[in-house]
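Student: I am new to this structure. Can we go through it step by step?

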Amino acid sequence: MNHLKHAVENQRKFFMNGNTMDYSSRRETLISLKNMLKENEAEIYYALKQDLTKSKHEAYVTELGFLYSEIAFTLKHLKSWMAPERVPTPLSHKGSKSFIVKDPYGVVLVISPWNYPLHLALAPAISALAAGNCVIIKPSEHAKATSELLAALIAETFNPALIHVIEGDVDTTQALLKQKFDYIFFTGSTNIGKEIMKAASEHLTPVTLELGGKSPAIIDRDANINLSAKRLVWAKFTNAGQTCVAPDYLYVHEKIKFKFVRELVKHTKALFGKRPLYNENYTKIINEKHFNRLIGYLDDGSIIHGGDFDAESLRIEPTILDQITWEDDVMQEEIFGPILPILTFQTLEEPLYTIKQKEKPLALYYFGENERIKQKVMEFLSFGGGAINDAVYHLGNPNLPFGGI
Ligand code: NAD
């Protein structure tokens, strides 16, 4: 694995020589990245279609469009982010000035997952490059077409001493983790996150871990039923539920459940058609392993919509499960697929106290109209991000933080 060592050393030398420190070179890097994406959109759509059968529209909204606005936002603020921040000096230090200076780490490793294989590989890289670091990206081996394309485009566009894509499977990631990095950014599952943190601790390398989990949506008695159902259908079943902040399960007030489920079914049909398995714009499950895991959940509770699947195309219909309890398999781990379990409640305290006892969710969504109760939910529960009367859309605001508590 000498080439990995060489790749890191090459970047460290480039960094040490001060090549990434000035504003104009960082700006130029970001502009080159944007141009690289713009000039190769057709190839990018094709790769995402191969990996996940993503439609062009979905690929733009959730991958390319996101990156364009991330780059534009970063370019707009770069100068002010780079500037030293003047802070007050106490009287006892009379005659001095005090500053906080923003200093890049050095060589950054970005390890990314397969669900938004372009977006989640490049978004952390944009921030790291803007901050003056060199970046090695290790894309997910499960989204092979995107990984290959990204490696080729980056190699054509950039000096590998600044940005370098290293493809490979778990062995490659583990070998990379043996190298000394100055920062590691990982997006993926909680279990692998623990492995990454362990490996990083060998070199005392700081990490950002963007992990998963079960994100709830609560639909209260006074919620706008039609709109809530419409928004939740999009948020849950886009990318076939393979979204870290997708509503994992619903807690619906007993009194509105019947009507709400009817609306959910109506909007699911409207969005994906009557035969989603044959809708070529409906995303597939990434691989057989995840497909089989998801199929296993279909035995839980009772299916009130969907439930069909096609092993050849790895597609599972948007599926709604009723009669679910916390003992069911589907409630034990993040679902990460197009299966939506419904729990019911009579008083809001039930979901609030249950959710509070679980791991703090990456996202939480509340649907209801009463201002006092909205406030109560926000104050009572701790969660990474979220929305009231919407779901997933908070990710589109670059002024909001993202990634967990
Ligand atoms: P994953 O953890 O299986 O893989 C992610 C990366 O880790 C890949 O590049 C892979 O090569 C590497 N990897 C896998 N096993 C490894 C090991 N034993 N040692 C070292 N590296 C290893 O994640 P995934 O299945 O690709 O992605 C799905 C998960 O990602 C879900 O849990 C989802 O919630 C989470 N996710 C989180 C966010 C977020 O921003 N919080 C965004 C998207 C996805």
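Tutor: A nonpolar core is a set of buried Ala, Val, Leu, Ile, Met, Phe, Trp, Tyr and Cys residues joined through side-chain atoms within 4.5 Å. Keep in mind that this is a predicted model.

Student: Which residues touch the most other members of the largest nonpolar core?

Tutor: That core has 59 residues. The members that touch the most others are I219, L250, F260, L264 and Y365.

Student: What is F260 in contact with, leaving aside its neighbours within four places in sequence?

Tutor: Contact here means heavy atoms within 4.5 Å. By that test, F260 meets I219, I225, S228, A229, L232, L250 and V252.

Student: How many residues are in the second, separate core?

Tutor: Its members include L122, A151, L162 and I163. The count for this second core is 44 residues.

Student: Is E39 buried or exposed?

Tutor: E39 lies in helix α2, residues 23–39. The cut-off for exposed is over 50% relative accessible area. E39 has 64% relative accessibility, so it counts as exposed.

Student: How is α2 oriented to α3?

Tutor: Their axes come within 5 Å and cross at roughly 70°. Angles of 65 to 115 degrees count as roughly perpendicular. Therefore α2 is, relative to α3, roughly perpendicular.

Student: How many charged residues are in the contact of α2 with α3?

Tutor: L37, K38 and E39 in α2 meet E41, E43 and I44 in α3. By class, there are 2 nonpolar residues and no polar ones, and the charged residues number 4.

Definitions and conventions: Residues are numbered from 1 along each chain as its sequence is written. This is a predicted model: local features need pLDDT of at least 70, side-chain atom pairs count only at pLDDT 80 or more; totals for chains, interfaces and linings use all residues. Side-chain values use heavy atoms; hydrogens and water are left out. Buried means under 20% relative accessible area, exposed over 50%, partly exposed in between (1.4 Å probe, protein chains only). Helices (H or I, at least four residues) and strands (E, at least two) are DSSP runs, numbered from the N terminus. Axes are lines fitted to C-alpha atoms, for helices over the stretch in contact, and angles run from 0 to 180 degrees between N-to-C directions. Angles under 35 degrees count as roughly parallel, over 145 as roughly antiparallel, 65 to 115 as roughly perpendicular and the rest as oblique. Ala, Val, Leu, Ile, Met, Phe, Trp, Tyr, Cys and Pro count as nonpolar, Asp, Glu, Lys and Arg as charged, and the others, Gly among them, as polar.
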